[in-house]
Structures are given as structure tokens and as C-alpha cells.
There are 2 protein chains.
Amino acid sequence: MPRISTKGQAMPDSPIRKLAPYAVAAKAAGRKVLHLNIGQPDIETPSVALEAVRNMERTVIEYSPSDGFASYREGLADYYDSVGVKVSPDQILVTTGGSEALIFAFQACFEPGDEVIIPEPFYANYLGFAMSAGVKVVPVTSRIEDGFALPPVAEIAAKVTDRTKAILICNPGNPTGYVYTDAELEAIRSLVLEHDLYLFADEVYREFCYGDIPPRSVLSLDGLDDHVVLMDSVSKRYSMCGARVGALVTRNAALRQACMRFAMARLSPPTLGQIAGEAALKTPRSYFDKVKASYVGRRDALIEGLRAIPGVTAPTPGGAFYAVAKLPIDSSDAFCQWILSDFDLDGDTVMMAPASGFYATPGAGTDEVRIAYVLEESAIRRAVAVIAAALKVYPGRS
Amino acid sequence: MPRISTKGQAMPDSPIRKLAPYAVAAKAAGRKVLHLNIGQPDIETPSVALEAVRNMERTVIEYSPSDGFASYREGLADYYDSVGVKVSPDQILVTTGGSEALIFAFQACFEPGDEVIIPEPFYANYLGFAMSAGVKVVPVTSRIEDGFALPPVAEIAAKVTDRTKAILICNPGNPTGYVYTDAELEAIRSLVLEHDLYLFADEVYREFCYGDIPPRSVLSLDGLDDHVVLMDSVSKRYSMCGARVGALVTRNAALRQACMRFAMARLSPPTLGQIAGEAALKTPRSYFDKVKASYVGRRDALIEGLRAIPGVTAPTPGGAFYAVAKLPIDSSDAFCQWILSDFDLDGDTVMMAPASGFYATPGAGTDEVRIAYVLEESAIRRAVAVIAAALKVYPGRS
């Protein structure tokens, strides 16, 4: 039997997947599982997008150009203009989800053995994309006590080696919901220029920002045109994760061209998803206002509820729809499994993601969980009640 | 400015893309370009697939499972059963086009520096996928004089080194349209077993086979359960290249699991494309009969026409919708550009793919072109007339 590759064996498993059988068993036992573990919002896709798909007049579902439909890229350029960023359609490459934008950037920028610095906790799949490209992830730890602010720039600078090729940030952040301040972005900017690095920024949660100031795109930072690679996606913005449409945006023409070569090899991003994505650009502002108001309500219910539980630390996330909370427990892996397999409050239990999977530093985050507030406010309140009751009786309470 | 990666710089350009500006210029000059260069058929997508998309009742375009919708994988297992292959739904992983099936297999099976043997000419993007994974492509040349039959097995065996990890075949073949005989498949089978290799088979043209015997899937070869990885796609079968839905099929459970890790990192294949793909499984047999009859007519018109031109060699393809022809010219790169920029027959010209891009051996195929017979029979006849007239006056005629 031929061998599986080293990276094929070492690719990380999803931090949630090992819990899935316990959720299935809980449901089989008649319990209701409140799913706080996933990034699939329950929000409806804008009707303009759904209608565009339903009214599709094509009789052949053809390839699109490898960099996406020109009309869609033009629409995206207008969209970026509306959020204060000037890019031309030919600086945009439409990808198969934000995931593929990351894959292309990793392939086009890194040699095997190169290093990328990522503030942790971070979106777990960054590890997989790095592993695919043979790239080493160097974490710099942000702390729950600081509300997951960017670690001091000196701490990041200390991680730079001669193999460091890029810094990767997620803003607003998954899993923390943290939104970087202008000062933090400027600090990153200086570091990137000083060491001639790429700056990768995953900004897929841009529309989910609950303060008065909208999140600032890295594309608005001065002097970084050759350095910045933006990863974007329609998945969260329009609640259409299954469209598999994202974008890689860069003003670095040589890098755009290199990414285009990888894009040509896989032929085209999805045509049907792009039809939905292009139509979604016409989503009325009222849709986002309503979605945002709903998330603010859910977030506040979650954070207030969690903070009322003795021993729980839960900073208020400024964006996205996730929160990381520190619980008075031995191990979030054990707790998240136990609550599914051994606990319910009048028949209700919850599924959460253990936060250890979002850290690259061994042993970090083992008493933290990621909670996605993607359910109705009443369900969020109920979930908090379940967690509170569970913590009272959990045998591994610390 | 940070450096582009070595592979980012070296990724091959499309063999057709450098011709695109000449096609644009020809059109701008008022000439009609007959496109024989692309693999996007003009055939309509089956109406069952289009209707499924138009009647979609979902209000949230959600992620599918990372290995695809279970109902779709069950339907696919039935489909394989109908072509004489027994696989279970959990031996199928739904991918984003056949391209992603290849990418996953390359990532999961190869270490950087490993080698894959591929009979050439081959689908040009195999080179790109190999380069992405740091894998060396070792070509074994099939000859137009032999109708592109598999080279003698001894010639293939001589290419095996201690870094050889797989043999990759495409059956029916792009760009040659060659369909492997049972004897050839058995020869490959022996070689694979003898050297404990993977056997990757791209069978996306399975339904386009014009002899009496249907093409035999590698999954029907005895004793290769741990070795065979099938790459499949809905793109050509149902003329829906833009759906971006394919499949990786293997009975090797460990390999399926490794591929699943890469699949989880990119979250999910396209939901809308899968809706179309699942519905397309109900495409009536009459659709394929009609499509096949139409391709046979096109193929015969093309091959008869080409053979009537002095100095042209054109073996009859048994499948797919491509043919490779040898022309009496100095260079197909030069000829394909010249015919677009300097020639027309009463206003008509043609775009073809120079075949050199389908060979890994330097200098091979430089007097061959790939012609995709994806146009109506009358347009095919016209294109042949244009080629015949062009060859009479082409300055680089040999």
C-alpha cells in the first residue's frame, strides 16, 4: 500500500469534528443541542441574491474567466470604494471562497520552510493552509485579559527571523471578535515595511462591526501597495457560505499575476455563486442594519449572561459573531464533550468549540471556548443558562 | 518589495492565453474567429439541472458538509453502479471541480520531490498541480503515429525511480481523445502493483466514448483498491463547467481520510453547483445519446476534413471531444498565432491550441495542434476549410 504524504498525515483535524459524534448521540437520546460551534449564520441570504439564482436565464452553466466575471469584479471595485478603499477591477481576483484566496497567497508568496507570524488565537484553518504550503506558523499570543488586543509590537518584532515572509491578521477577528485599532494597524504597518514582509489580512467579517468606527481595511494603509494581500468572501457578509465565492485583492501586480497562474490551473471560480455574489452587491443597507442590530442583541445577551457566571471571563467582541470566553474548568476539550454527553438542562445542551484548536502554542487556550452567537437571542439566553448550570456540576471544575 | 515564491514565478501559463490578444485583435478587425481552442462545450446543460437551480427553495445558501451533501454522494454511488463500478457513498469526496480532486490527491500522496509518471501529451494543468505540490512530472511519450496508444509498458517501467509515487492517466484522454484498451489498463495495473504506486485516473470524459465498448474505469481493475484514485467532474458530462463540482473516489480509507482533512480546511464544495449536480443525475439517457451522436458527427467531419489536407496526420479519437493533428508546419505556436493575426478565408479564421503546451518533453509536439470539436458540424467544416486554405499560404510551411 503506497504511503500517505507527511502533510496528508499531519493536516490538523477540525477542532469541532471530534465532538460531532457526541452531538449526534445527544440528539439520538432526545436532547436538544444548541449549536454555538459553527460559523454558519442563521440569517437569510439577501433576497436579491436568491432571486438572481432563481431567475438565471443561462442554458449552459459555463466557466467564468479564471479571475471571475469582469462585471462582478467591476461591482466589487465599487463596493470597496463604498468602504473607503480604491482598487481597480484588475486588482481583484475572484476566488472559490476566502479559503482559496488564502491558498493562492500562501502558494504565491512562500517557499517551503518560510514563516508566517499570526496573532493567536486564530482561525484554525490557517494552520492547514500553511501546512499545505510547507509554511511554519509562528504564533504571537494575544491575551484574554487584554481583551485580545494586538500584543505589543516589540513582542511581534522579536518573532521575525530571516525566514519570516508575512504577517497574517484577521480583522474583525475569528475567533475573538476583536477589531484592531488604528494605532495597532499602524504598528503592524511599520513592522511590515521595516522587514519587507507581506501583510495578509482576512477581512471577511468587515460588515459585522458594532462600534461607531467601521473596521479599517489594510488596503487603506499608506505605502503598503506591494505588501498587502486582502482575503475577502461573500460567505458571512451575505450569509451565503455555500456560494463559495471570495476574492484576493492586491495592488502588487506581480503577485496578482502569480496568483492568476494558480487560478488558471483550477480554471474558474463557481459561476452560480458569482451570479449570487454579483446580485448581492445590490443588497439594501437596511438588510445590514437589521442583521447588525440582531447580532448586537445576541452578543449583549451572551456577554452579559456569561459575565454573570462566577469565574467566567468574557471580553466584549467588537465585531464578527464570535466570542472567546475563559471558563473555570480543567480542559475545554473535556468540558465541551462532557456537556454534550453527560449534561442537559431540562433536555437542552450546547455545542461549543474548544479554543485550544485556535492556538498554535501548545497548552494555550485550554480553558477557553469559542462561542458563535449565530442563534436567536432567546436561544442564546437559554444556552447561557445551560452553560451556567453545567459549570455548577461539572466534575472538572477548577 | 517582498519576493514572489519560486513556484509562483514558475507556474506554467495556459497554452492558449498568449494567443488571446490575437483573437481579440482579429475580432476587432471584423473577422470571425471559430473557437476550436476551448473545452467549454456549446451543448446545453440538462434541463433537470437548470430547473433544480431555478426552483431552489433554500433561503440560506449554507455550507454543505466538507465531503459534499450525503444525498448527492448516495446518488453518485448509484451512478457509478450504473457504469459498472461498486463504491459506497463514503468512498466519494465531492470536490470543487475535478481540479480540486487532483489538488487533494497530489497533496495527500506526494512529498515534495516525488515523481509522477504521465503519458504525454496530457492536460496542461497537471503540470500546475504538480508544481503546486513540489512534484516532478516524468513524461512518457505516446506518438501520433501510433494513434496516441499507451507507450510500451517497458518504456514506462524504465521511468520508475525510487521517488516515483504515482502514474496519472486521463481516459478518455484530453488532448488526444484516446481511449485505453483493456490490455493497456491491465499493463498499467501490473506496473502499479509491482512498484506499489498510486494510480490516478482522470475519467471526466467517461460519457464521451464513441466506440462500441464503454471506457473501463480504473475502479474496475482487480486488486488496486489501495492504489486507485479516481478524479471525476460534472463539468463535461452535463456541460456545466461553471458548477465547479467534481469528485475524488477511492477505496483507500486512509487516503480518503487524508483528503478529507484538506477538504475540511477549505470548508465545503459549492452548494449551488451540488444542487445542479444532484439533479443532473436524473438526466435522461436520450440526452447523452443526442450529445454523443452530435459529437460523432463533428468528429467525423473534422477528421475526414483534416485527412484530406496534404501533409496532415490526424488519428481518429475514440472519446472526449478533442483531436490532436500534426500539420506540415515549422511551429504550431507560430502557426496558431499567424492564422489569427494574418489569415482569414472570406473573413473567417480559427483559434486552436498549440500542442507543445501538452507535452513536458522540451521540443515535443511543436508541429501539432489540439482541436476541440465543440462547435456545430457546419462550423467544424468551415474551420477545416480555413485551416486547409491557411496551410497553402503559410510562410512557415515545412
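Predicted model: local features only at pLDDT ≥ 70, side-chain atom pairs only at ≥ 80, totals over all residues.
**Entry 1: burial**

Buried means under 20% relative accessible area, exposed means over 50%, and partly exposed is in between, with a 1.4 Å probe and protein chains only. I looked up B:Glu304, and it is exposed, with a relative accessible area of 55%. B:Glu304 sits in helix 11 (residues 285–307) of chain B; helices (H or I, at least four residues) and strands (E, at least two) are DSSP runs, numbered from the N terminus.

Residues are numbered from 1 along each chain as its sequence is written, chains are lettered from A and ligands numbered from 1 in the order in which they are written, and side-chain values use heavy atoms, leaving out hydrogens and water.

**Entry 2: B:Ile16**

Is B:Ile16 buried or exposed? I found B:Ile16 buried, with a relative accessible area of 17%. B:Ile16 is placed in the loop between helix 1 (6–10) and helix 2 (20–28) of chain B. Leaving aside residues up to four places away in sequence, B:Ile16 touches B:Asn37, B:Met351, B:Ala353 and B:Arg370; contact means heavy atoms within 4.5 Å.

Two packed helices are described by the angle between their axes and the distance between the axes. Axes are lines fitted to C-alpha atoms, for helices over the stretch in contact, and angles run from 0 to 180 degrees between N-to-C directions.

In chain B, helix 11 and helix 13 (residues 377–393) pack at an angle of about 15 degrees, with their axes 9 Å apart. Helix 11 and helix 13 of chain B are therefore roughly parallel to each other; angles under 35 degrees count as roughly parallel, over 145 as roughly antiparallel, 65 to 115 as roughly perpendicular and the rest as oblique. I noted that helix 11 of chain B passes helix 13 of chain B in a right-handed crossing. A crossing is left-handed if the near helix is turned anticlockwise from the far one by less than a right angle, and right-handed if clockwise. On the helix 11 side of chain B, the residues that meet helix 13 include B:Ala301 and B:Leu302, and on the helix 13 side they include B:Ile380 and B:Val384.

I then turned to chain A. The axes of helix 11 (residues 285–307) and helix 13 (residues 377–393) of chain A come within 9 Å and cross at roughly 15 degrees. That makes helix 11 of chain A roughly parallel to helix 13 of chain A. This crossing in chain A is right-handed.

Helix 9 (residues 253–265) of chain B has 13 residues and reaches 19 Å from its first C-alpha to its last, close to the 18 Å expected at 1.5 Å a residue; the expected span is 1.5 Å times one less than the number of residues. In helix 9 of chain B, 10 of the 13 residues are buried, so it is largely enclosed by the rest of the structure.

The contact is made by B:Leu255, B:Ala258, B:Cys259, B:Phe262 and B:Ala263 of helix 9, with B:Phe104, B:Gln107, B:Ala108 and B:Cys109 of helix 5.

**Entry 3: aromatic rings**

I found 42 aromatic pairs over all chains in a search of the whole structure. Rings of Phe, Tyr and Trp (its six-membered ring) pair if their centres lie within 6.5 Å; planes under 30 degrees apart count as stacked, over 60 as edge-to-face and the rest as tilted. A:Tyr79 and A:Tyr80 form an edge-to-face pair, 5.2 Å centre to centre with 65 degrees between the planes. Both A:Tyr79 and A:Tyr80 are buried.

**Entry 4: backbone**

A cis peptide bond joins A:Asn174 and A:Pro175, with omega about 15 degrees. A:Arg244 is not a glycine, although it has a positive phi of about 55 degrees.
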